[in-house]
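Q: I would like to learn how to read the features of a protein model. Can we take them one at a time?

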Amino acid sequence: MNQRAFRMDDLPAPAPYRLLTGLVIPRPIAWVSSVDAEGRPNLAPHSFFTVASGNPPIVQFTSVGRKDSLNNIEATGEFVVNFVPRRLLEPMNATAESAPPHVDEFELAGLTKTPSQQVRPPRVAASPSALECLLHNVIPVGDSFIVLGRVVCAWVDEDVLDNDRPLEWNLDPVARLSGSRYVTYGETVTLRRPE
């Protein structure tokens with residue numbers, strides 16, 4: 001094996017970002033809906049997303065730079081993470097446009113809003129799952145901000161569930177690779193953890 005070492009301090013921006021986002025794959029997408037202080041909705045995808053804690057239930061996404069999602073969440077303390085199935089990949093991509101804060105990305109992408117139960121931001125009606133969140137914390141890290149949200153309500157389509165467990169093949173998730181590439185759900189390998 002012939003490997004090359006990349007010293008991060010020697011690379012000009014944005015080379016470290018491109019390298020990391022090409023290696024840390026696939027990355028699930030947090031399709032974050034929020035509202036500003038006046039109640040105007042915003043919808044934007046963030047591909048640095050994961051579970052931070054099971055008890056209490058906390059998820060995290062990273063805002064690379066200061067974006068409308070972050071500003072709205074800091075102003076209101078609420079957001080929703082909508083999940084992106086393959087059938088919503090193109091509308092999700094449309095909401096990645098750098099639009100002014102007053103633009104409603106739901107309308108921009110032709111998406112229907114549906115009310116949330118415990119928070120003000122609406123959900124994407126066509127999404128098979130959504131997590132309503134209250135802001136737990138924002139942590140500045142370099143040029144980015146880690147947003148931690150306590151999940152107060154989870155919505156999951158009955159068609160996706162086997163009893164109370166979501167089935168990934170029914171969720172049909174998409175994940176981000178590098179550049180403009182995405183991956184869809186593929187082969188599953190079951191491997192039990194050693195005792």
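A: Start with a pair of strands. Strand 2 and strand 3 run antiparallel and are joined by six bridges. The model is predicted.

Q: Which other strand is joined to strand 2, and by how many bridges?
A: Strand 6 is joined to strand 2 by three bridges, and the two run antiparallel. Here S33 stands opposite V80 in strand 6.

Q: How do I read the two faces of a strand, and which residues of strand 2 lie on each side?
A: In a regular strand, side chains alternate between the two faces of the sheet. In strand 2, A30, V32 and S34 are on one side, while W31, S33 and V35 are on the other. Both faces are covered, and these residues are all buried.

Q: Why is strand 2 described as largely enclosed by the rest of the structure?
A: Buried means under 20% relative accessible area. Six of the six residues of strand 2 are buried, so the strand is largely enclosed by the rest of the structure.

Q: How many residues of strand 5 are buried?
A: Five of its seven residues are buried, and strand 5 is mostly covered.

Q: Which strands are joined to strand 5?
A: Strand 4, residues 49–53, is joined to strand 5 by four bridges, and the two run antiparallel. They form a hairpin with four residues between them, and the bridge partner of T50 is Q60 in strand 5. Strand 10 is joined to strand 5 by seven bridges, again with the strands running antiparallel.

Q: What joins strand 9 to strand 10?
A: There are 12 bridges between them, and the strands run antiparallel. Strand 9 and strand 10 form a hairpin with two residues between them, and G142 in the turn has a positive phi of about 55°. V141 stands opposite S144 in strand 10.

Q: Is S144 buried or exposed?
A: The cut-off for buried is under 20% relative accessible area. S144 has a relative accessible area of 9%, so it is buried. Leaving aside its neighbours within four places in sequence, S144 is in contact with T62, S63, V64, G65 and I139.

Q: How do I read a helix, and which residues of helix 2 are buried?
A: List the buried residues, then look at what covers them. In helix 2, D68, S69, L70, N72, I73 and T76 are buried. The elements covering these buried residues include strand 2, strand 3, strand 5, strand 6, strand 9 and strand 10. Just after helix 2, G77 takes a positive phi of about 75°.

Q: Against what do the buried residues of helix 1 pack?
A: They pack against strand 1. The buried residues of helix 1 are A15, P16 and T21.

Q: How is a pocket found, and how much space lies in the largest pocket?
A: Rolling a probe the size of a water molecule over the atoms shows where empty space is left. About 520 Å³ of space lies in the largest pocket. It is lined by 25 residues, and the closest to its centre are A44, P45, H46, K67 and A96.

Q: Which element supplies the largest share of the lining of the largest pocket, and how do the lining residues divide?
A: Strand 3 supplies the largest share, five residues. Strand 3, strand 5, helix 2 and helix 3 each supply at least two residues. The lining divides into 11 nonpolar, nine polar and five charged residues.

Q: Which residues does the UniProt domain annotation cover?
A: The unreviewed UniProt entry gives "domain: Flavin reductase like" for residues 22–176. In the model, that span is 16% helix and 44% strand, and its end C-alpha atoms lie 10 Å apart.

Technical notes:
Residues numbered from 1 in each chain as written. Predicted model: local features only at pLDDT ≥ 70, side-chain atom pairs only at ≥ 80, totals over all residues. Heavy atoms only, no water. UniProt positions renumbered as here; feature names shortened; annotations may be inferred. 1 Å grid on protein atoms, 1.4 Å probe; cavity = no way out; pocket = protein on both sides within 12 Å on 5 of 7 lines; lining within 4 Å. Points joined across faces, edges and corners; volume = space filled by probe spheres on them. Nonpolar A, V, L, I, M, F, W, Y, C, P; charged D, E, K, R; others polar. Buried < 20%, exposed > 50% of the residue type's maximum accessible area, 1.4 Å probe, protein only. Contact = heavy atoms within 4.5 Å. Pairing = 2+ DSSP bridges.
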